[in-house]
Amino acid sequence: MVEQGTTVSPIDANLFVTVSGPPGCGATSLCTRLAEALDCPYVSGGEIFRELAEDRGMGLTELSAKAQESDDIDRELDQRLRSIAEKWGASNKPFVLESRLAGWLAGERADLRIYLNAPEEVRKARISDREETAAEMSVREVNEAGRYETYYDIDLDDRTFYDMHINTARWSQEGVFNIVAAAIEGYDPETDEGSFPTPPTDFDL
């Protein structure tokens with residue numbers, strides 16, 4: 001949610017931006033503002049996960065538990081997100097994609113990959129009014145990390161390929177947005193000397 005009393009100045013850029021981080025990191029707040037500033041679509045893994053839950057007539061907690069039993073749900077979620085990344089990566093239009101694996105799924109198609117985080121107690125406090133409890137958040141983080149490593153040999157602790165790492169506990173929502181907006185506005189592809197390569201990953205296994 002955007003902070004009350006704030007306005008978002010337009011950003012003139014055709015960048016495909018990915019945002020990743022654990023629950024409560026502030027990704028939704030940042031992505032909402034970025035999409036407004038860039039005047040572009042914004043898709044989140046949580047949104048796609050909710051669509052999968054609705055398709056199956058399940059609640060989020062129920063589908064999360066189901067995802068631990070087999071790889072079908074995770075793989076369907078990731079395939080949908082990868083298709084979205086492929087589409088927008090080739091469009092030369094601004095787009096914001098947010099999920100735990102957004103940076104991995106987009107790979108070199110993304111122009112800017114951002115990782116957000118905050119101390120665990122801060123993140124737990126931020127999700128206190130959500131359907132998911134703090135305890136469930138902690139369990140989900142551990143379970144997801146294990147599943148991604150098993151399915152794709154992905155180490156979520158490997159953040160070397162991200163272009164920006166931000167501790168969102170240190171700045172307000174507006175402050176975090178201003179940091180990212182400055183990076184986008186200051187980006188010049190002609191002086192770009194290269195991103196860190198994405199670790200090779202096979203999502204088709």
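Entry 1. I looked up the contact between α1 and α8 in this predicted model. On the α1 side I found S29, L30, R33, L34 and A37; they meet Q173, E174, V176, F177, V180 and I184 of α8. Sorted by class, this contact holds 7 nonpolar, 2 polar and 2 charged residues.

Entry 2. I then turned to the geometry of this pair. The axes of α1 and α8 come within 10 Å, and they cross at roughly 50°. I noted the crossing of α1 and α8 as right-handed.

Entry 3. I examined α8 by itself. Helix α8 covers residues 173-185, which is 13 residues, and spans 18 Å from first to last C-alpha, close to the expected 18 Å. Which residues of α8 are buried? I listed G175, V176, F177, V180, A181 and I184. The buried residues of α8 pack against β1 (16-20), α1 (27-38), β4 (112-117) and β5 (164-167).

Entry 4. I looked up a second pair, α2 (residues 45-56) and α4 (residues 72-89), whose axes come within 10 Å and cross at roughly 130°. These two helices are therefore oblique to each other, and α2 passes α4 in a right-handed crossing. In α2, the residues G45, I48, F49, E51, L52, D55 and R56 meet I73, E76, L77, R80, L81 and I84 in α4. By class, I recorded 7 nonpolar, 1 polar and 5 charged residues in the contact of α2 with α4.

Key:
Residues numbered from 1 in each chain as written. Predicted model: local features only at pLDDT ≥ 70, side-chain atom pairs only at ≥ 80, totals over all residues. Heavy atoms only, no water. Helix = DSSP H or I, 4+ residues; strand = E, 2+ residues; numbered from the N terminus. Expected span 1.5 Å × (residues − 1). Buried < 20%, exposed > 50% of the residue type's maximum accessible area, 1.4 Å probe, protein only. Contact = heavy atoms within 4.5 Å. Axes fitted to C-alpha atoms, helices over the stretch in contact; angles between N-to-C directions. Left-handed = near helix turned anticlockwise from the far one by under 90°. Nonpolar A, V, L, I, M, F, W, Y, C, P; charged D, E, K, R; others polar. Parallel < 35°, antiparallel > 145°, perpendicular 65-115°, else oblique.
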